Amino acid sequence: MADYLVTVESGWVIKDVGSLDDAIGIAISEAGKRLNPSAKFVEIEIGQLTCPFCEQELNNALIVGNIALVGLILEMKVFKAESEEHAGRIAKSVIGRALRDIPLKIAEVEEIKA
């Protein structure tokens, strides 16, 4: 059995938002509130995209008509999982219980070397 770092992607919708910075702050805050206290060990970050033209890193957020879609990255360590697939299922289950009705996708699973 091994330990893994699992990265999960999530899309967060925020209504009636004025700016991109506000949307990002609200999304991280709301996700943090839902994850505490049951899954407070999950790290929350804003997702990053690479611009295909200038190759700079861009925040993974969009506002249209005062409604924002913010891409979040959630990371959690899973200890003593049988495989990468098993670690991904554990992380998705733990995070999914706290973030009901929020779509989740396993982005990456890395084995943690001791």
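Biologist: In which loop is P37 found?

Modeller: P37 is found in the loop between helix 1 and strand 2 (43–46). Helices (H or I, at least four residues) and strands (E, at least two) are DSSP runs, numbered from the N terminus. This is a predicted model, in which local features need pLDDT of at least 70 and side-chain atom pairs count only at pLDDT 80 or more, while totals for chains, interfaces and linings use all residues. Residues are numbered from 1 along each chain as its sequence is written, and side-chain values use heavy atoms, with hydrogens and water left out.

Biologist: What is the peptide bond from N36 to P37, cis or trans?

Modeller: Most residues other than glycine have a negative phi, and most peptide bonds are trans. The bond from N36 to P37 is cis, with omega near -5°.

Biologist: Which value does phi of D16 have, and where is D16 found?

Modeller: Phi of D16 is near 55°, a positive value in a residue other than glycine. D16 is found in the loop between strand 1 and helix 1. N66, also not a glycine, has a positive phi of about 65°; its place is in the loop between strand 5 (61–64) and strand 6.

Biologist: Is D16 buried or exposed?

Modeller: Buried means under 20% relative accessible area, exposed over 50%, and partly exposed in between, with a 1.4 Å probe and protein chains only. D16 counts as exposed because its relative accessibility is 72%, whereas N66, at 45%, counts as partly exposed. T7, which lies in strand 1 (residues 2–15), is buried, with a relative accessible area of 10%.

Biologist: Which residues does T7 touch?

Modeller: Contact means heavy atoms within 4.5 Å. Not counting residues up to four places away in sequence, T7 touches I73, L74, E75, K105, I106, A107 and E108.

Biologist: How many residues has the largest nonpolar core?

Modeller: A nonpolar core is a set of buried Ala, Val, Leu, Ile, Met, Phe, Trp, Tyr and Cys residues joined through side-chain atoms within 4.5 Å. The largest one here has 32 residues, and those with the most contacts inside it are V6, W12, V70, L74, I95 and L99. Two or more residues come from each of strand 1, helix 1 (20–35), strand 6 (67–81), helix 2 (84–98) and strand 7 (104–112). Strand 6 gives the largest share, 7 residues.

Biologist: In which order do the elements of the chain run?

Modeller: From the N terminus on, the order is β-α-β-β-β-β-β-α-β, with 2 helices and 7 strands in the chain.
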